[in-house]
Amino acid sequence: MDGELDRPILIEPEHRSPDPSVCPFLRAIDADDRIGPPVEAVDPRNRCVATRSADFLDADWQRTTCRTAAHVECSRYLSGFAADAAGTTVAGAAVGAAGPVGADPGLPGASASRGRGSRALTPAVIAATLFLVASASAAVAFVAMRGGLELPVASAGPSQVAVASPTPASTIAITPAPSATPAPTATPAATPAVTEGPTTTPTAAPTAAPTPTPAATSDRYALLTPCPGTPDCYRYTIRVGDNLQSIANYFGVPYDTVLELNPQIDDPSTIQPGDVITLPPPTR
């Protein structure tokens, strides 16, 4: 089986599925452990050969990625396609104007004739794919070095409430009515004016404005894909340099929870780039 994976895989159209939506790196192994065309259904014999090894594929991944057009976003597909594009010259066979015999028509120098399941790929598409892969790797490395992205959150300042100043009421002087003239021997007593005291207007107590709760600003969701039909469940594709502990720290989730959600991982040290794991919602 190792010898079958030594040469570029895309130049073997007889081993690919005739369905153009199926990943061209999907293969099946027979009872003699030989690589052949994929089983045209979700099957445990199907394997991914994009990494030049027969990698196991779980049923859910075959159904949602390998057997749909979504395979073009798979990191294994991108890396395998880049490797085949760089190695289209097979040992002992010269690539001419029409390309090597059996070459994929979409690869540089390939023949204009197309076989079943072939894809139209141009040098511009290949260059753009390689550029996107390099850009994604640089972005991940930058975020890892910075320890994540911190987005500023605007905080609402305290509201100022105008306080009304009390206005004193006007003073009203009361003039007494004239009194009758007393007898000559009596001295009238002076009647003092009555002054009404000021009326105090009650002052309203200031009311503090509520402080809004900042919305979640985590940018980790950009690296996750929601699990179909399962709430609070996300998928993450293992990248070069990842390990389960670093993934748990980066997304702020318990390491034990990661192990519980991925019972298929017997040994955490054996995870490979391109593997897909399940994670809870990130807390960072």
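This is a predicted model: local features need pLDDT of at least 70, side-chain atom pairs count only at pLDDT 80 or more; totals for chains, interfaces and linings use all residues.
Let me begin with the largest nonpolar core, which has 18 residues; those touching the most other members are F25, L26, L57, W61, C66, Y77 and F81. Helix 2 contributes the most, with three residues. Apart from this core lies another, of 16 residues, including V143, Y250, F251 and I265.

The protein chain has five helices and nine strands. Along the sequence, their pattern reads β-β-β-β-α-α-α-β-β-β-β-α-α-β. Of the 284 residues in the protein chain, 30% are buried.

I turn next to the sheet at the start of the pattern. Strands of a sheet pair through backbone hydrogen bonds, in either the parallel or the antiparallel sense. Here we have an open sheet of four strands, in the order 2-1-3-4, and the pairing is antiparallel. Strand 2, residues 35-36, and strand 4 are the edge strands, each pairing on one side only. Strand 3, residues 46-48, pairs with strand 4 in the antiparallel sense, over two bridges. Within that pairing, R47 has F56 of strand 4 as its bridge partner.

Most residues other than glycine have a negative phi. D33 has a relative accessible area of 40%, so it is partly exposed. The loop between strand 3 and strand 4 holds R52. R52 is also a residue other than glycine with a positive phi, near 65 degrees. At 27% relative accessibility, R52 counts as partly exposed.

Let me move to the cysteines. How many disulfides does the structure hold? There is one, and it joins C227 to C233, with an S to S distance of 2.1 Å. The torsion about the S-S bond of C227 and C233 is about -60 degrees, and the disulfide is therefore left-handed. Are C227 and C233 buried or exposed? C227 has a relative accessible area of 9% and is buried; C233 is buried as well, at 12%.

C48 is in no disulfide, and the nearest cysteine sulfur to it, that of C23, lies 5.9 Å away. Since a disulfide requires sulfur atoms within 2.5 Å, that distance explains why C48 is not counted as bonded. C48 is buried, with 7% relative accessibility. C66 is likewise in no disulfide; for C66 the nearest cysteine sulfur is again that of C23, at 5.9 Å. C66 counts as buried at 7% relative accessibility, and C66 is among the residues of the largest nonpolar core that touch the most other members.

Strand 7, residues 225-226, and strand 8, residues 234-237, pair in the antiparallel sense over two bridges. In this pairing, P226 stands opposite Y234 of strand 8. Strand 8 also pairs with strand 9, in the antiparallel sense and over four bridges. Here R235 has T278 of strand 9 as its bridge partner.Strand 9 leads us to the last topic, the second largest pocket. Rolling a probe the size of a water molecule over the atoms shows where empty space is left. The volume of the second largest pocket is about 450 Å³. Which residues are closest to its centre? Of the 17 residues that line this pocket, they are F56, R76, Q264, D275 and V276. Strand 4, residues 55-56, and strand 9, residues 276-279, are the elements that give two or more residues to the lining. By class, the lining of this pocket comprises seven nonpolar, four polar and six charged residues.

Technical notes
Residues are numbered from 1 along each chain as its sequence is written. Side-chain values use heavy atoms; hydrogens and water are left out. Buried means under 20% relative accessible area, exposed over 50%, partly exposed in between (1.4 Å probe, protein chains only). A nonpolar core is a set of buried Ala, Val, Leu, Ile, Met, Phe, Trp, Tyr and Cys residues joined through side-chain atoms within 4.5 Å. On a 1 Å grid over the protein atoms alone, a cavity is a set of points where a 1.4 Å probe fits but cannot get out, and a pocket is an open set with protein on both sides within 12 Å along at least five of seven lines; lining residues have an atom within 4 Å of a point. Grid points are joined across faces, edges and corners, and a volume is the space filled by probe spheres set on the points. Ala, Val, Leu, Ile, Met, Phe, Trp, Tyr, Cys and Pro count as nonpolar, Asp, Glu, Lys and Arg as charged, and the others, Gly among them, as polar. Two strands pair if DSSP finds at least two bridges between them.
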